[in-house]
Amino acid sequence: MQEKIIEIIVHILSEIKNSKHIHELDLNTLKGEGYTDAEINSAFAWLYSKIDAGESLFVESKKLNKSHRFFHKSEKNILTLEAIGYLIQLKELNIISDLDEEVILDKIFFLGYQKADIGEIKLIVASLIFNLEDKSDILGRLILQNNETVN
């Protein structure tokens with residue numbers, strides 16, 4: 001479920017980056033793509049929790065000119081082209097930082113993937129974004145079950 005929430009967050013932040021206001025988003029589009037109310041609510045809950053905590057929705061870019069990382073041959077052998085494109089999209093949307101990208105790539109290597117696609121990237125991004133590895137911060141994570149909603 002967390003991967004689908006990541007997809008929704010990416011969609012919402014893409015729309016915001018394209019100068020749409022959050023209240024202008026068409027939730028029926030997301031529902032039409034097969035996302036459940038619980039998944040959509042979880043994505044919005046995560047976004048609102050970031051705003052409520054005073055955090056930026058986008059990773060702050062400390063550079064004036066944005067350079068692009070070149071992928072090493074060994075990384076290209078393990079990642080599908082779609083996975084590489086997805087990582088680039090996440091960085092362009094400032095959802096992940098340069099350091100986050102390195103952490104994701106390290107995890108792909110350490111987990112021993114022969115070929116990692118977007119699904120594996122989404123799993124790792126979900127663990128970073130939702131702090132799933134920090135077991136001490138259980139209350140800080142807001143992932144709803146299928147039958148829960150945010151009011």
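How many aromatic pairs does the count come to? One aromatic pair is what the rule gives, where rings of Phe, Tyr and Trp (its six-membered ring) pair if their centres lie within 6.5 Å, with planes under 30 degrees apart called stacked, over 60 edge-to-face and the rest tilted.

Before you start clicking, some housekeeping. This is a predicted model, with local features needing pLDDT of at least 70 and side-chain atom pairs counting only at pLDDT 80 or more, while totals for chains, interfaces and linings use all residues. Residues are numbered from 1 along each chain as its sequence is written, and side-chain values use heavy atoms, leaving out hydrogens and water.

**The overall view**

You'll find seven helices and zero strands (DSSP runs: H or I of at least four residues for helices, E of at least two for strands, numbered from the N terminus). Reading from the N terminus, the elements go α-α-α-α-α-α-α. Of the 151 residues, 38% are buried; that label means under 20% relative accessible area, with exposed over 50% and partly exposed in between (1.4 Å probe, protein chains only). Now think about contacts, meaning heavy atoms within 4.5 Å. Among those between residues at least 6 apart in sequence, 71% join residues at least 24 apart.

Select Glu7 and Lys122. They form a salt bridge, with the closest N and O atoms 2.5 Å apart; the term asks for a side-chain nitrogen of Lys or Arg within 4 Å of a carboxyl oxygen of Asp or Glu. Glu7 sits in helix H1 (residues 2-17) and Lys122 in helix H7 (residues 118-129), so this pair links distant parts of the chain, 115 residues apart. Glu7 is partly exposed at 24% relative accessible area, whereas Lys122 counts as buried at 12%. A search of the whole structure turns up four salt bridges, so there are others to visit.

While you are in H1, pick His11. His11 is partly exposed, with a relative accessible area of 24%. Its C-alpha is 8.8 Å from that of Leu30, a residue 19 places away in sequence.

Lys122 lies over the face of Tyr86, 5.6 Å from the ring centre (the rule: NZ of Lys or CZ of Arg within 6 Å of the ring centre and within 35 degrees of the ring normal).

Two packed helices are described by the angle between their axes and the distance between the axes. For helix H5 (residues 81-92) and H7, the axes come within 8 Å and cross at roughly 35°. Those axes are lines fitted to C-alpha atoms, for helices over the stretch in contact, and angles run from 0 to 180 degrees between N-to-C directions.

Salt bridges with shared partners join Lys91, Asp98 and Glu101 into one network. Lys91 is buried at 8% relative accessibility, while Asp98 is partly exposed at 33%. Lys91 and Glu101 are 10 residues apart in sequence and 7.8 Å apart in space, C-alpha to C-alpha.

Next, click Asn94, in the loop between H5 and helix H6 (98-110). Most residues other than glycine have a negative phi. Asn94 has a positive phi of about 60° although it is not a glycine. At 13% relative accessibility, Asn94 counts as buried.

**Last stop: the loop between H2 and H3**

Finish on Gly34, in the loop between helix H2 (27-32) and helix H3 (37-52). Is Gly34 buried or partly exposed? Gly34 is partly exposed, at 46% relative accessibility. Leaving aside residues up to four places away in sequence, Gly34 touches Lys4 and Glu39.

Asp37 is partly exposed at 42% relative accessibility, and Lys31 is partly exposed at 41%.
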